[in-house]
Structure formats: structure tokens, C-alpha cells
Amino acid sequence: RASGEVWMSDVSPKGKAVMDAYKELCSLDSEDPKAVSEIMGRLDSDQKAMMKSLIEVRGGQDRPIENTFPEVGDTVDRLFKKYKMIEQDDEAVTEWRSKMEMGMLKDVQYLIERDQMVSADEEAAKDLPDGADADEAWRLFNRKFGPAAERGEYMGTPTRKEDIMYRFRRLKESLNIDSKVALEILDLDSTPMVVDPLFVRRTYKAMVGCIGEEEALNDIVRKHPGALMVQARNVEEKISQIKTGAAVIGAFA
């Protein structure tokens, strides 16, 4: 999706009709009153009001951001700017993501991950004391995700060596663990390395909020690292299933 496309919360048939009409208006070569009238004539009064809001907001993408929640007419670039304003507030980000239409969220996530690539490259250029451990994390990732490591991406998510080393270090920070424990986790299952490390952090924090840090780490993550792939907003509702699943998988480890 182009970064200039806009977001609208209403994904009902009526909302889709407004978006389709909006795209038609944008595609007109010139202001043709007859064509505009024909397009607008398909919309009812509520849809015309939605269109009006869409056009008004779309025309002011450079206006100061006063509200970080997604608004009708926000472009992908503007939504990314809003995200950056709350990036370190995990609860706010979880709520923000819940308000997003999935297609637009994927486009914003693309920008998030490219932003993280810059941070990964900057970190990789440094001589850090855990360099050998980060190299081992890369080796463990290759063992399970060889083709993704070779391609440098997994389902659109960057998986270069720099990205995996960066996520390894964020995993240690998020779970408050040392390299030894982090490598034990990746040796068991390196799946957490194919997602945004902030996604992992939000999920783990949600687990800790439900059952405490010791149980979240030792009874879930160290038995079933893949549990970190659960959406943070779903953790509370599914915590019993997550614990049971980890126990079962851990029994076969």
C-alpha cells in the first residue's frame, strides 16, 4: 500500500464504498463536475459526511499531531509518526494497535521494521561485549530458519544477521535475562526472532502482569518460546491455555 493512502476505521460495506468513491475521486484526471456528481450520487448522507471528513483530514497531513489515536484520513506515514510518539508505552501501543484495520497496520509495521533496521545496523557497527553470544544467536536462527536467513527476510520481516543480533539483545532486555538463558531459549525455539522485538516485549509484559515474572519466564517462555508470538491483548484471556500449552510442549523438550 502506498504511504499516501489513508486510514478509516469503518470497514463495513458502507465504509468500503466511501473508500472506493474516494479513490475514484483521486483518480480523476481533472475536476469533472459530472463525474464528481456521479460518484457522490452513489453515497447516502452518512457516507457523504464520512467523505467530507476524509477529504478535510487528508488535506492536512502536515498539521500538528495532537492526538496519537488513528483518525479518519491518516496516511501510513502519519500513523507511523503517531506510533513513534508512544513507542515505549506498551499499554498505549497495544490499545493503539487494537484500533487499526489490519491492512493499514501491516503497512505501518513495515515502516516500524525498517526503522529498526537502522538501529540494528548502528548497533552492529559497535564492538559490544556480547558479540560472541549474538553470533551464536545468529547460528541458532540459521539452524531453524536457514532459507529466511539466506533471503534476509521472513514473510516480509527483515532477518539479516544484524536484525537477529539486534532482536537477541532486545530479548535479553525485555525478559531481564542474560545471554546464557537467552541462548537456551533460542536453542529450544528461535521463532521469537522473526517478529518485532517490541511485540515480544509487549506480550511478555502481559504475561508477567497475569502470573508474575518468575512463572512467565520459567513456566512459559523457557518451555515454549513460541508463546511469545501471542498478541499482547489476548494474553489475559488465554493465559490458562498458554500455560497448559507450554507445560505440554515442555514435557517433550
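## Around Asp196

Setting aside neighbours within four places in sequence, Asp196 is in contact with Gln109, Ile112, Glu113, Gln116 and Arg202 (contact means heavy atoms within 4.5 Å). This is a predicted model, in which local features need pLDDT of at least 70, side-chain atom pairs count only at pLDDT 80 or more, and totals for chains, interfaces and linings use all residues. Residues are numbered from 1 along each chain as its sequence is written, and side-chain values use heavy atoms, with hydrogens and water left out.

You will find Asp196 in the loop between helix 10 (179-188) and helix 11 (197-211); helices are DSSP runs of H or I with at least four residues, numbered from the N terminus.

The Asp196 side chain does reach the backbone nitrogen of Leu198 at 2.8 Å.

## Helix 12

In helix 12 (residues 213-221), the buried residues are Ala216, Leu217, Ile220 and Val221. Viewed down the axis of helix 12, they fall within an arc of 115°, so they line one face (the arc is that of the directions from the helix axis to the C-beta atoms). Their cover includes helix 9 (161-175), helix 10, helix 11 and helix 13 (232-251).

## Helix 1

Helix 1 has buried residues Gly15, Val18, Met19, Ala21, Tyr22 and Leu25. The face turned away from the buried side of helix 1 carries the exposed residues Pro13, Lys16 and Ser27.

Conventions:
Helices (H or I, at least four residues) and strands (E, at least two) are DSSP runs, numbered from the N terminus. A polar contact is a pair of N or O atoms within 3.5 Å; within protein, one must be able to donate a hydrogen and the other to accept it, and residues adjacent in sequence count only if both atoms are side-chain atoms. Buried means under 20% relative accessible area, exposed over 50%, partly exposed in between (1.4 Å probe, protein chains only).
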